[in-house]
Amino acid sequence: MDKDKIIVIEPVIKSTESRDLIKESATILLESNDLKLQSVRTEGYFVILRLSDTSQSVNAINILKKLSGVTFIFVGNSVELDYNTIVDTVISTYSNVLLNGETYYLLVRSTALTCEDGESTVKKFDMEFHIHSELSAKSGRFKRSENDREADVIIYILLGNNRCYISKLAFKGKDLIPLDFLKDNVLCPIFDSISLISFLSVLKSGYNPVPFFFYLEKRSMKRMLKVFETLISDSSITSIDIYILSLEEYISKLVQHSDGGDDNREKIIEKSKRYLWLIFLKTIIKNLDETILHFSKVSLPLTPYAHPPWFIKELITIFERSKKITLTPLLFNYSNHEFEIQISRLAKLGMVPELGVDNLKQIEDELYNEDLEILIKEIAIDHLHPLSSKYLKKYTLRVGEDYLFDIFDSI
């Protein structure tokens, strides 16, 4: 039966566009990992793959788990579309496993896009009833679960047009919107933990995020890139174009040209570790507004857990005057607890807070200081020149192929 081994993917969004995107992404992901495909086809909203070397099927499943927009994925066997054959195959496949006392969840799907006269629905119902009855008759120890999240084993049966596909190993997928499903690029500034979380939010939203890294020190840039590669290695991205820009010269000029006389300049220098992060962000937003990169959408990494309302409003206002469309995923997608979890996760990966800020609470306490609000608003950024190709560098990062070292050498 090994020659009949297949891989089935069920997309979250039941549309031909989503199915075809999953099919394309799965093909690229497997081939980039040196797994050759004998065939790739679709049936209804499902994607059905067959490897040239079927012994690599489990390995392929582990790779395909990176896909977003997938409800279920399984490796199994193709059998005749016959009641007795299907039931016998299920019993022989799962009897020994279920005798160990594990709970099972039975899922029967059909590739039919329509159910004329209810025929497909009746077949599915009859199949579920028949298999439950047979499993119950085999042993009273077989425990049925009504929830796939609580079940130890998922038995997935897909009724096709001419064949039936029965799982041997089935897994829940990442039920997010598929990567690039919306077919639109979003420019994402990345310069600290918060902006990395913002990038991931855009990635999960179905857009194609374009990373734009800003840094003051090479050491922090290298750390960001390492963490960035670790994060996207969990996705289906195999290669991605990134932009990198040093703002060291910009920040120096910013301090020199600050309004308010010598006293304020002294304050900026004296307390830079406290609020240079804000100056940094404001400079980035200014540069993105006038960037030579022609992207119509820009993601602003703003969150109420780290930025005061006046600051959020001010930066959004900057973009209201431009022709760009702003996305602010962190303003809506996270609770305070969820946000802290994400920050802690990045800290464990080595992403320490940027620019001397020790923790989010310190940022919050400092931001609501009235003197700071006045000072930040007085910082002049109009003197900054628009970005040019002289300062901006573009690289292609191939995930997991040691390309980071080449990028490090050229920064």
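The chain has an accessible surface of about 20000 Å², and 47% of that belongs to carbon and sulfur atoms (Shrake-Rupley method with a 1.4 Å probe; for residues, only the protein chains shown count as cover). This is a predicted model, where local features need pLDDT of at least 70, side-chain atom pairs count only at pLDDT 80 or more, and totals for chains, interfaces and linings use all residues. Residues are numbered from 1 along each chain as its sequence is written, and side-chain values use heavy atoms, with hydrogens and water left out.

Let's start with the whole chain. Of its 411 residues, 51% count as buried (under 20% relative accessible area, 1.4 Å probe, protein chains only). Its secondary structure comes to 14 helices and 14 strands (DSSP runs, numbered from the N terminus: H or I of at least four residues for helices, E of at least two for strands). Among contacts (heavy atoms within 4.5 Å) with a separation of 6 or more, 80% join residues 24 or more positions apart.

Now for confidence, given as pLDDT, the predictor's confidence in each residue from 0 to 100. The chain has a mean of 78, with 75% of residues at 70 or more.

| Element | Mean pLDDT |
|---|---|
| α12 (residues 360-367), lowest | 47 |
| β3, highest | 96 |

Over residues 354-364 pLDDT stays under 50, and the model has 24 contacts beyond four places in sequence for them. Where pLDDT is low, the predicted coordinates should not be read in detail.

Helix α1 is worth a visit. Its buried residues include S18, L21, I22 and L29, and their cover includes β1 (5-11) and α2 (57-64). Just after α1, D34 takes a positive phi of about 65°.

Notes
Buried means under 20% relative accessible area, exposed over 50%, partly exposed in between (1.4 Å probe, protein chains only).
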